[in-house]
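Here is a colleague's note for someone meeting this structure for the first time. Please keep the model open while reading.

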2 protein chains.
Amino acid sequence: MYGAPCVEKLSAEQKERVEALRARGRGVCLAVVRVGDDPASEVYVRNKKNACQRLGIESREIHLPGSVSQAEVEECLDKLGADPDVDGILLQLPLPRGLDDKAALTHIPAAKDADGFRSENCGTLICGGEGTLPCTPRGILYMLKHYGVALEGKHAVVIGRSAIVGKPAALMLLGENCTVTVCHSKTADLKEHTRRADILVAAVGKAGFVTGDMVKDGCVIVDVGINRTPEGLRGDVDAVSVGDKAAFITPVPGGVGKLTVAMLMENVIELAERRTGLTEA
Amino acid sequence: MYGAPCVEKLSAEQKERVEALRARGRGVCLAVVRVGDDPASEVYVRNKKNACQRLGIESREIHLPGSVSQAEVEECLDKLGADPDVDGILLQLPLPRGLDDKAALTHIPAAKDADGFRSENCGTLICGGEGTLPCTPRGILYMLKHYGVALEGKHAVVIGRSAIVGKPAALMLLGENCTVTVCHSKTADLKEHTRRADILVAAVGKAGFVTGDMVKDGCVIVDVGINRTPEGLRGDVDAVSVGDKAAFITPVPGGVGKLTVAMLMENVIELAERRTGLTEA
């Protein structure tokens, strides 16, 4: 399951929605705040800006020096929160050592939280209602549906329980009527669980962690890992040993990673549509 | 595993905390809004008022007639939200037909949400931070810990995925390092899952739903069901057939249900402590 066809399809729809907003006299604007000079963050931010550009979304990059204080980061976010021209705000994480990611995020108003990291937003996965959802798990669900993977009644096993991937992915799969198991570093006998999965989502952060002996024949594997190794980018799944057993697998690179930025664009457009009083598609 | 010893222990601690607040010149106050004349709601509200009274918490009952409009319910909640003497607000659900539970709940400020039903609060189960959590799953966790049930690395299976029990219970068990599976009405081959559970939480709402053939020897069973039957209150678990196999089981009545009101008291006291700037124990 490749990411590119999904992104292509999404982009076409997204362009139209951005144009529809512009026809109402309204641009869409994402503000990205980057602090310090982490090279990976720089690449991520560039990718996001490029995606905005392709869709006709205005992107504002605010680059603060690594020496900035917590108060200055928060003041910057407060200003963007108050700026009526800004639809979505993204704080590129992690912040440099000494700054508090979580405290800073509370300075992004929930209605402009492009990443869906605030509890008001991701909390809707528990109690319902309208909220912006984290991009990577949204991308996972989009891909599974795009490739026609049946979800209802299937057993989905998620390895990893982070706030931005594992937990929201599990809740979204639950929302699609999967039976869902969440495994993690403290799971006893991981194989026992992963071998039962119809759908396996690996969000571990360890290259080649999931091997062929851990999966059953015919399973669908979503590899969320993006691990830098001497041999280049590798996923959490050992594609070689798993290859013959899986019915579908998302490659790394070129899989679900591609969807994350596309889903960020989706979030920003939805935020703009909500602010404009347009209901989302 | 009986609920009463837990409630007794909690009550003693809670009384002290209420007194500590009073020593600072500050009462604790829970406002309960009941709409219409549902007899079950009346019983629940009475239980909550009695619990308040035992702890020295002021309880204000606002009883609105069933003929009230949505706007009137919301106005009532707005007023309580603005009242500096009120620490916690609870809207007894379900509202009479024609009124919108969810829309009404948004009129309870997150900082006074005694039930932990708002996404800002239960969302902290996904993304961390400080928030009021739903009472029944808090009670489940309290009981398991009180009775010394080991959680780390154990496989917990939750049957049911409601916003107020199943989903938050699953996330709390995950937070205790359980491997967690959530099953529901769309789960294929439920038995396959429940038979693997070290800890089984039944929140289905069907009397006697979980039978002996569905559980493994030595499992710990938490029965969250409170079902009215011609034979009286019954849980979701068929205690007779399960009895010999379970290492521990919570009875109905007298089990986890008892904890729900005690955890509501815990929530209200925490809300008052936060508003007073006292950190919670």
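1. **Burial and the model.** A residue is buried if 20 or more other C-beta atoms lie within 10 Å of its own, exposed if 12 or fewer, and partly exposed in between, with C-beta atoms placed from the backbone. This is a predicted model, in which local features need pLDDT of at least 70, side-chain atom pairs count only at pLDDT 80 or more, and totals for chains, interfaces and linings use all residues. Residues are numbered from 1 along each chain as its sequence is written, while chains are lettered from A and ligands numbered from 1 in the order in which they are written.

2. Start with Asn177(A), which is partly exposed because 16 other C-beta atoms lie within 10 Å. Its phi is positive, about 70 degrees, although Asn177(A) is not a glycine. Asn177(A) sits in the loop between helix 8 (166-175) and strand 5 of chain A. Helices (H or I, at least four residues) and strands (E, at least two) are DSSP runs, numbered from the N terminus. In chain B, Asn177(B) has a phi near 70 degrees, again positive in a residue other than glycine. Asn177(B) is in the loop between helix 8 and strand 5 of chain B. Asn177(B) has 16 C-beta neighbours inside 10 Å, so it counts as partly exposed.

3. **How the copies are related.** Which rotation superposes chain B on chain A? A rotation of 180 degrees does, with 0.0 Å of shift along its axis and an RMSD of 0.0 Å. The two copies are therefore related as by a two-fold rotation axis. The superposition is by least squares on the C-alpha atoms of residues with pLDDT of at least 70 in both copies.

4. **The interface.** Chain B gives 31 residues to the contact, and chain A gives 31 residues. Residues are in contact if their C-beta atoms, placed from the backbone, lie within 7 Å. On the side of chain B that touches chain A, two or more residues each come from helix 5 (119-122), helix 6 (124-127), helix 8 (166-175) and strand 5 (179-183) of chain B. Strand 5 of chain B has the largest share, 5 residues. By class, this side of chain B holds 13 nonpolar, 12 polar and 6 charged residues. Nonpolar means Ala, Val, Leu, Ile, Met, Phe, Trp, Tyr, Cys and Pro; charged means Asp, Glu, Lys and Arg; the others, Gly among them, are polar. The copies meet through the same surface, because 100% of the interface residues of chain B are also interface residues in chain A.

5. Strand 5 (residues 179-183) of chain A and strand 5 of chain B run antiparallel and are joined by 3 bridges. Two strands pair if DSSP finds at least two bridges between them. Val180(A) has Val182(B) as its bridge partner.

6. **An open sheet in chain B.** In which order do the 3 strands of this sheet lie? The order is 2-1-3, and the pairing is parallel. The edge strands are strand 2 (58-64) and strand 3 (88-91) of chain B, each pairing on one side only. From one strand to the next, the twist averages 15 degrees. Helix 2 (residues 39-55) of chain B packs on the sheet and touches strand 1 and strand 2 of chain B. The direction of helix 2 makes about 160 degrees with that of strand 2 of chain B. Axes are lines fitted to C-alpha atoms, for helices over the stretch in contact, and angles run from 0 to 180 degrees between N-to-C directions. Strand 1 (residues 29-35) and strand 3 of chain B share 4 bridges. Leu30(B) stands opposite Gly88(B).

7. **Strand 7 of chain A.** Val220(A) and Val222(A) point one way from strand 7 (residues 220-223) of chain A, Ile221(A) and Asp223(A) point the other way, and all are buried. Strand 7 of chain A runs parallel to strand 6 (residues 199-202) of chain A, with 4 bridges. Val201(A) is bridged to Val222(A). Strand 7 also runs parallel to strand 10 (residues 248-249) of chain A, with 2 bridges.

8. **Cis peptide bonds.** The bond from Val252(A) to Pro253(A) is cis, with omega near -5 degrees. The bond from Leu93(B) to Pro94(B) is also cis, with omega near -5 degrees.

How values were computed
Two residues are in contact if their C-beta atoms, placed from the backbone, lie within 7 Å.
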